[in-house]
Amino acid sequence: MNLPNKLTLLRIVLVPVTMALILSGHFYIGLGVFIIASITDFLDGYIARKYNLVTSFGKIMDPLADKILVFGALLCFLQLGFINSWSVIVILAREFFVTGMRVVAVSKGNVIAASWWGKVKTNVQLFAVIIGFITFAQESGVAILIGQCAIYFAALFTIASWAAYIVENKEVFKD
């Protein structure tokens, strides 16, 4: 197993650690672990491309690891009452829908590659979660509102990304 794939696995392993820290009220330590996990996302892609270490495992597991990381934090924020379920449902629905589109495309001999929208969406989500960590730790009304707005903005951007994938890949829906 090459280094980029090990970094992807590390990101997945750090998810339950991050979740345990959030749920036990250790937001800043959890934030540190989340940031380290987020950095592995950048590093694994950079190293894989630079040293021609791109693998089938990495192509599938890297974006999955990103989703697991974001959802782990969002579900903790939801459980703690910091955010409403609609934002998590929207983000989850988009991921299932786009994954479904990719499966249909592959069954037709096509591939839907990650787009600019998808990459920016992931970064917006990661940044929103980081803001959430910082603001929810403050436990003041204004700070919590700022964190909620960041998460809700990420959900709205996720909807825009979803729409872009549909428009850019409308041939998937044709038989």
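H1 and H2 run roughly antiparallel to each other, because their angle falls in that class (over 145 degrees; under 35 is roughly parallel, 65 to 115 roughly perpendicular, the rest oblique). Their axes cross at roughly 165° and come within 9 Å. H1 covers residues 3-23 and H2 residues 27-50. Helices here are DSSP runs of H or I, at least four residues, numbered from the N terminus. Axes are lines fitted to C-alpha atoms over the stretch in contact, with angles from 0 to 180 degrees between N-to-C directions.

This is a predicted model: local features need pLDDT of at least 70, side-chain atom pairs count only at pLDDT 80 or more, and totals for chains, interfaces and linings use all residues. Residues are numbered from 1 along each chain as its sequence is written, and side-chain values use heavy atoms, leaving out hydrogens and water.

Asn-52 follows H2, with a positive phi near 55°.

Next pair. H3 (residues 56-79) and H5 (residues 116-138) have axes that come within 10 Å and cross at roughly 30°. That makes H3 roughly parallel to H5. In their contact (heavy atoms within 4.5 Å), H3 brings residues including Leu-69 and Phe-77, and H5 brings residues including Val-129 and Phe-136.

Terms used: Helices (H or I, at least four residues) and strands (E, at least two) are DSSP runs, numbered from the N terminus.
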